[in-house]
Amino acid sequence: MGDILGMDCHTLIKNEEIMETIVEMSSEWLLVFDENDTLVSLTIPSEEQGTINSKTFFTLFHEHEADRFHVFLRKLSEGKKASSDYFEMTVNNRVQLMHFEGMALSEGVLLKGKKVKEEAGDLIDVLKHIPIPSFTIDVEGRVRSCNHLFIDVLKTLDEPLNPDEPYLNDDYSFHRTISKLADIVNMENRKAAVVFEKEEIRLTIYGHLLSPTLLSVYIKDETVEHRFEQLLTYKQQMESVSQIAAGVAHELRNPLSVIKGFIQLSKLSNSLNKYYETISSEIDRMNLIIEDFLSMSRKKIDKKYVLPSDLMESMLMIFRSECLLHDIDFHFSIRNSRRYLYVNDQMIRQVLLNVLRNSIEAYEEEDKDCKFTMLTSTYGDTYSIELQDYGPGMPPDVLEEIYKPFFTTKDKGTGIGIPLCKRIIEEHKGTLDIESEPGEGTKVIITLPLYVEMEP
Ligand SMILES: Nc1ncnc2c1ncn2[C@@H]1O[C@H](COP(=O)(O)OP(=O)(O)O)[C@@H](O)[C@H]1O
Ligand SMILES: [Mg+2]
């Protein structure tokens, strides 16, 4: 077609006879548009004549497609070089995928058109009969064809398609996932897959772009694999529970043998007084371990919506008095929010107190000025609480271990405090991180999600 370059569209139309011959030989369309996108000449194979003419041409596109076609023409006439694209049109009352290839003339555009729908049509037919759920959707999110297995999937998910208007419905999570998939495929990146999960169901959804406007989708049901994985993690959870239980038993054995020893001693010496203090403090220690363990395994948590400032202010009194008691300078700043935290305030209180307790214990060895700060702030959808001391801090090897249950550097520690706090915060869909520098101090950063009331 290179020879034609430089010819204007009127000269070209005069050679109509040649064009007709070309068309008859190739069953292709030849079209000429002037600078105003008006179709000035159309040559098509005889079996299609009558249905298409210059007046009806643009009405044959989907509304959306006609706009795209105009853009295509503009690009061609500006670029002055050959380029091609696919468009969906209704030809002989059937939706047909057309491939147009064209080039700029000195005034106007020459296009060669070819039907490619047959290929896609075959594929759609194949998809309909393969024994996995599959369907095709167009750019507007309308399901064009589907097989029974796909309908079954929609039934199982209780996310039906309206048979009269089979558009994806954004109110349904599975439909939204398909839309997401359609968004990520394009002509350069024609294949993609996304995973959809709802309760026990897991589906991997594969999309393959058949044409610029048509996406074929097929679904792999991985529900059984999913269930199996869940069983595995459940098994792992059970294992870690029994590990913790074994740990608790082990931890309890130490104070128990101390108590037993002292009771034997007191029997020998016929006086309990001498050993009373030790025995009583060992019993306290056992109590502490059991307390911590119980709160760790307590399952049901009652949460309610509270304003962050209300929650924090309710903590202030106990913080103030604890710090006063241990001669620690307490500084705080509380940021309010119009959104809510969804928390069990007793548990959050336990977390904050645990952190404070650690700082107080850390200061016990020090004789410098003791200071504890609590800063709160909002970052997007989260509320953050930073608790900081300026005590001895932790070397990296200690910092690495502190999230493990029963790790402690204290003679009378339980090592349950931090893992428990982390678990409680994560149970609230938040995060807990600890930064520490030897000699500088320790900072505990807690974040909790903020909600518009009644949302989660
Ligand atoms: N604020 C802190 N400053 C220094 N070390 C800390 C601090 N908080 C925690 N740690 C270290 O982390 C360890 C684990 O803490 P935790 O889980 O609360 O158990 P416990 O307090 O019973 O030892 C402590 O033994 C201590 O070594
Ligand atoms: Mg502690």
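Asn 147 turns out to be buried, at a relative accessible area of 6%, where buried stands for under 20% relative accessible area, exposed for over 50%, and partly exposed for anything in between (1.4 Å probe, protein chains only). This residue sits in the loop between strand E7 (143-146) and helix H5 (148-157); helices (H or I, at least four residues) and strands (E, at least two) are DSSP runs, numbered from the N terminus. A polar atom of the Asn 147 side chain lies 3.1 Å from the backbone nitrogen of Ser 134, and the backbone nitrogen of Phe 150 is likewise 3.1 Å from a polar atom of that side chain. Both pairs go down as polar contacts, meaning N or O atoms within 3.5 Å; within protein, one atom must be able to donate a hydrogen and the other to accept it, and residues adjacent in sequence count only if both atoms are side-chain atoms.

A word on the model itself: it is predicted, so local features need pLDDT of at least 70 and side-chain atom pairs count only at pLDDT 80 or more, while totals for chains, interfaces and linings use all residues. Residues are numbered from 1 along each chain as its sequence is written, chains are lettered from A and ligands numbered from 1 in the order in which they are written, and side-chain values use heavy atoms, with hydrogens and water left out.

On to the ligand. The space that ligand 1 takes up is the largest pocket. For the record, the search runs on a 1 Å grid over the protein atoms alone: a pocket is an open set of points with protein on both sides within 12 Å along at least five of seven lines, a cavity is a set where a 1.4 Å probe fits but cannot get out, and lining residues have an atom within 4 Å of a point. A molecule sits in one of these if more than half of its atoms lie within 2 Å of its grid points. The elements giving two or more residues to the shell around ligand 1 are helix H10 (345-363) and helix H12 (417-427), and H10 gives the most, with four residues.

There are 21 residues around ligand 1, and Thr 408, Thr 409, Lys 410, Thr 414 and Ile 418 come nearest; a residue is near if one of its heavy atoms lies within 4 Å of the molecule or strand in question. Sorted by class, the shell holds eight nonpolar, 10 polar and three charged residues. Here Ala, Val, Leu, Ile, Met, Phe, Trp, Tyr, Cys and Pro count as nonpolar, Asp, Glu, Lys and Arg as charged, and the others, Gly among them, as polar.

As for specific contacts, an N or O atom in the side chain of Asn 358 is 2.9 Å from an oxygen atom of ligand 1. Gly 415 works through its backbone, with an N or O atom 2.9 Å from an oxygen atom of ligand 1. On the nitrogen side, a polar side-chain atom of Thr 442 lies 3.3 Å from a nitrogen atom of ligand 1. Overall, the protein covers 92% of the 530 Å² of accessible area that ligand 1 has on its own, with areas from the Shrake-Rupley method and a 1.4 Å probe; for residues, only the protein chains shown count as cover.

Back to H12: eight of its 11 residues are buried, so this helix is largely enclosed by the rest of the structure. Among the buried ones are Gly 417, Ile 418, Pro 419 and Leu 420. Just after H12, Lys 429 takes a positive phi of about 60 degrees.

Positive phi shows up in loops too. Glu 199, not a glycine, has a positive phi of about 50 degrees; this residue lies in the loop between strand E8 (191-198) and E9 and is exposed, at 72% relative accessible area. Asp 327, also not a glycine, has a positive phi of about 60 degrees, lies in the loop between helix H9 (308-325) and strand E12 (329-333) and is exposed at 65%. His 326 is found in the loop between H9 and E12, but counts as partly exposed at 34%.

Finally, some pairs that are separated in sequence. In strand E9 (residues 201-211), Gly 207 is buried at 3% relative accessibility, and its C-alpha is 4.4 Å from that of Val 217, 10 residues apart along the chain. Ile 289, in helix H8 (residues 273-297), is buried at 0%; Ile 289 and Glu 251 are 38 residues apart in sequence and 7.8 Å apart, C-alpha to C-alpha.
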